[in-house]
Amino acid sequence: MVATFNLKGGVGKTTTTAALAEILSVEFGKRVLLIDLDPQRNLTTMMVGEKRAAELDSSDHTLASIFIDALMRQPPRSAAGLVQHHVSPMNVVTSVDLLAASPKLIALQDDMTRLTGADPTTVLAKAVSGLLTDYEFVLIDCPPNLGMITQNGLRIADGYLIPTIPDFMSTYGIPPVQSHVRHLASQWSTPITELGVVITKYRRSSAVHQRILDELRENRSLPRLFPTRIPESNQIAAAAEFTDFGSLRQKYGPGGQFLALRELTSDFLATTRIKLAWGR
């Protein structure tokens, strides 16, 4: 189980998460569960469309219902009944499932701190405990904060990725993230491994991007940089649209963009095998 996380929004976190899931499914034959914990529900919308996302929210078929049950002191429900199967508008993607997000998670983020009689960081873990063995990979899209909903995501994660644009505003929060995750892992007595930093929206011609990359490489206290840099691309930005592009290459861009994302996914597979001792 891998969380994708950055304290800065707009860094390509959700698109990277969706691309990893779809490429793991199509190119590598993996069964993937997406867990969308971000109340902006961008990942949910990417995978099922705006209309279906709204329907799931109005019928309480999102992760918000799990946290609401906990606050109402209802018996913890299994998340199995909330899973949306075979998501993605792409017909070629056949093995990606989703636990959807809801804007209700915004209010629940604060409400969860007042939960009594139970550890508020274990609500999600209890709900998905019987579900995770059905999947080879679980990708958790966390909101850009360190609140209680994010902590629920980190609590079930074996490791985490930090997607970031190579600029000052996007990267300055990496050391605080590292420090806080280490603190939480120590508090929970559960290792959460730094898998690395994924460079997104990269512009080769940008002097700022080059300088920040050099600084990230030279700072040995930071997580490793994945060698593949995901280029800034209108096609990758357009991939968030809920439509069947025909193939992943057409969806993410035939001009090297898809190849960069596939290379990242291959490296991600190797990294999880080595760092998390996954034989998957």
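Is L261 buried or exposed? At 4% relative accessibility, L261 counts as buried.

1. The model, which is predicted, contains an open sheet of 7 strands in the order 3-2-4-1-5-6-7, and the pairing is parallel. Its edges are formed by strand 3 (96-99) and strand 7 (225-231), each of which pairs on one side only. From one strand to the next, the twist averages 25°.

2. Strand 3 and its partner. Strand 2 and strand 3 run parallel and are joined by 4 bridges. Within this pairing, L34 has L98 of strand 3 as its bridge partner. In a regular strand the side chains alternate between the two faces of the sheet. Strand 3 is covered on both faces: V96 and L98 are buried on one side, and D97 and L99 are buried on the other. The edge position of strand 3 is therefore to be read together with the burial of these four residues, since buried here means under 20% relative accessible area.

3. Strand 1 (residues 2-4) is connected to strand 5 (residues 159-164) by 3 bridges, and the two run parallel. T4 is partnered by L161 of strand 5. Strand 5 is in turn joined to strand 6 by 6 bridges, again in parallel, with T193 of strand 6 as the bridge partner of G159. Strand 6 continues the sheet to strand 7 through 3 bridges, also parallel; here I199 has R229 as its bridge partner in strand 7. Strand 6 is largely enclosed by the rest of the structure, because 8 of its 10 residues are buried.

4. Helix 9 (residues 174-188) lies across strand 5 and strand 6, and runs at about 165° to strand 5.

5. Helix 7. Of the 8 residues of helix 7 (residues 148-155), 7 are buried, and the helix is mostly covered. The buried residues are M148, I149, T150, Q151, N152, G153 and L154. They pack against strand 1, helix 4 (64-71), helix 5 (105-111), helix 6 (123-128), strand 4 and helix 9.

6. L261. This residue belongs to helix 13 (residues 257-275). Apart from neighbours within four places in sequence, L261 is in contact with A19, I23, I230, I236 and Y252. R249 lies 12 residues from L261 in sequence, and their C-alpha atoms are 9.8 Å apart. L261 counts as buried because its relative accessibility is 4%, below the cut-off of 20%.

7. L276. The segment after helix 13 contains L276, which counts as buried at 14% relative accessibility. Leaving aside neighbours within four places in sequence, the contacts of L276 are V2, D158, G159, T193, L195 and T271. L276 and L154 are 122 residues apart along the chain, with a C-alpha separation of 15 Å.

8. Most residues other than glycine have a negative phi, and most peptide bonds are trans. R41 is not a glycine, yet its phi is positive, at about 50°. R41 is found in the loop between strand 2 and helix 2 (42-48) and is buried, with a relative accessible area of 18%. S88, another residue other than glycine, has a positive phi near 100°. S88 is placed in the loop between helix 4 and strand 3, and at 11% relative accessibility S88 counts as buried.

9. Nonpolar surface. F168, M169 and Y172 make a nonpolar surface patch of about 380 Å². Y172 is in the loop between helix 8 (168-171) and helix 9. At 51% relative accessibility, Y172 counts as exposed, because the cut-off for exposed is over 50%.

Notes:
Residues numbered from 1 in each chain as written. Predicted model: local features only at pLDDT ≥ 70, side-chain atom pairs only at ≥ 80, totals over all residues. Heavy atoms only, no water. Pairing = 2+ DSSP bridges. Axes fitted to C-alpha atoms, helices over the stretch in contact; angles between N-to-C directions. Contact = heavy atoms within 4.5 Å. Patch = residues over 30% accessible without salt bridge, like charges linked within 9 Å, V, L, I, M, F, W, Y side chains within 5 Å. Areas by Shrake-Rupley, 256 points an atom, 1.4 Å probe, with all protein chains shown as cover. Salt bridge = Lys/Arg side-chain N within 4 Å of Asp/Glu carboxyl O. Buried < 20%, exposed > 50% of the residue type's maximum accessible area, 1.4 Å probe, protein only.
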